[in-house]
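Subject: Structure handover

Hello,

Here is the structure I promised to pass on. Please open it first, then read my notes below.

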Amino acid sequence: KCGMWDNNVIQLIFIALAFGIVLRSLKTRQISEDKTDYLAIEKIITILFEAVIRILHWVIALVPLAVFGIVAKTVAFHGFEPFKALGAFIISVLLALCLQAGYYLLRVKFGSWVTPTSFLAGGSEALLTAFSTASSTATTPITFEVLLEKIGLRESSASLGALVGSNFNNDGTALYEAMSALFVAQVLDLHLSLVQQFIVILTSIFASVGAAGIPEAGLVTMTLVFTSVGLPTQYIALLVTVDWFLDRCRTAINVMGDMTVSCLLDGNQRRVE
């Protein structure tokens, strides 16, 4: 069967990457040879991309109905136990995010000249913006500004951590996706071996890197984590009921991680460019 119908997202990702790399190399070669054959393919891909985006907007509009169906089915077959477990899941995720924040503060304290107090005080605006918008991309300008002006980092350190890190450093999202997979496995009473749990960790890291810095983008990339160990992806909709809050929390941690990287890059001694 085709990987698309089996919901094997990993195969599709590798095919898409290979296709993109080949197209990029062909475009580069044709430009060097002063050819324009690649323009037709570019136009087709652009149109297809716009079509997919429009379809995604339709899907997003139907999400509330899908959530209603999943919740109704879950209650019919499993009762309210999964929703009771959601409370414990929320507490567990918040506790894990707090531990991660504590780890960041320790790294800042022992790995840079910035003190944890000045780190939190100076970066509070960026953290609050991340929590309120649930978007690390929207927070990027503010993150860069507070790192540069309020915390006092060098521009090179601030730009690398805030601008580059916002696209690749999504530790909070990785943690959330891994915990979500384990939570759904427990709800369904499915045993994941140590190897499967390790696969969950790896795919969560890869998926978080590919997650867009927009609200609830982690729910999209979470399908990669679920399919890697054979978990039913329809139960991701169950997490939508609490994701609006947890998304804000993990986004704040993502931004905090970007700020931490910038502080570590600045070193143990304050320097002026």
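**A buried charged pair**

Asp247 is buried, with a relative accessible area of 3%. Buried means under 20% relative accessible area, exposed means over 50%, and partly exposed lies in between (1.4 Å probe, protein chains only). Arg250 is buried too, at 1%. The two form a salt bridge, with the closest N and O atoms 3.2 Å apart. A salt bridge here is a side-chain nitrogen of Lys or Arg within 4 Å of a carboxyl oxygen of Asp or Glu. Arg250 and Asp247 are three residues apart in helix H10 (residues 236–266), so about one helical turn separates them. An α-helix has 3.6 residues a turn, so residues three or four places apart point the same way. Asp243 joins Asp247 and Arg250 in a network of salt bridges.

Helices are DSSP runs (H or I, at least four residues), and strands are runs of E (at least two); both are numbered from the N terminus.

**What you are looking at**

This is a predicted model, in which local features need pLDDT of at least 70 and side-chain atom pairs count only at pLDDT 80 or more, while totals for chains, interfaces and linings use all residues. Residues are numbered from 1 along each chain as its sequence is written, and side-chain values use heavy atoms, with hydrogens and water left out.

How confident is the predictor? pLDDT gives its confidence in each residue, from 0 to 100. The mean pLDDT of the protein is 81, and 86% of its residues reach 70 or more. Over residues 1–5 the pLDDT is below 50. Beyond near neighbours in sequence, that stretch has three contacts in the model (a contact means heavy atoms within 4.5 Å).

How many salt bridges does a search of the whole structure find? The search finds six. One of them joins Glu42 and Lys27, with the closest N and O atoms 2.7 Å apart. This pair links distant parts of the chain: Glu42 is in helix H2 and Lys27 in helix H1 (residues 9–32), 15 residues apart. Both residues are partly exposed: Glu42 has a relative accessible area of 32%, and Lys27 has 23%.

Glu33 and Lys35 also meet in a salt bridge, at 3.3 Å from N to O. Glu33 is partly exposed at 41%. Lys35 is partly exposed at 41%.

**Helix H4**

H4 covers residues 116–133, which is 18 residues. At 1.5 Å a residue, H4 should span 26 Å; its end C-alpha atoms are 24 Å apart, which agrees. The expected span is 1.5 Å times one less than the number of residues.

H4 has a kink of about 55°, centred on Ser124. The bend at a residue is the angle between axes fitted to the seven residues ending there and the seven starting there. The buried residues in H4 include Phe119, Gly122, Gly123 and Ala126. Just after H4, Ala134 takes a positive phi of about 55°.

**Positive phi in loops**

Most residues other than glycine have a negative phi. Asp34 has a positive phi of about 60°, although it is not a glycine. Asp34 sits in the loop between H1 and H2. Asp34 is exposed, at 71%.

Asp189 has a positive phi as well, near 60°. Its loop runs between helix H7 (171–187) and helix H8 (194–210). Asp189 counts as exposed, at 69%.

**Aromatic pairs**

A search of the whole structure finds five aromatic pairs. Rings of Phe, Tyr and Trp (its six-membered ring) pair if their centres lie within 6.5 Å; planes under 30 degrees apart count as stacked, over 60 as edge-to-face and the rest as tilted. Phe89 and Tyr176 form a tilted pair: 6.1 Å centre to centre, 50° between the planes. Phe89 lies in helix H3 (residues 81–111) and Tyr176 in helix H7, so the pair ties together parts 87 residues apart in sequence. Phe89 is buried at 4%, and Tyr176 is buried at 1%.

Phe131 and Phe245 have ring centres 6.3 Å apart and planes at 85°, so this pair is edge-to-face. Phe131 lies in H4 and Phe245 in H10, so the pair ties together parts 114 residues apart in sequence.

Best wishes

Conventions
pLDDT = per-residue confidence, 0-100.
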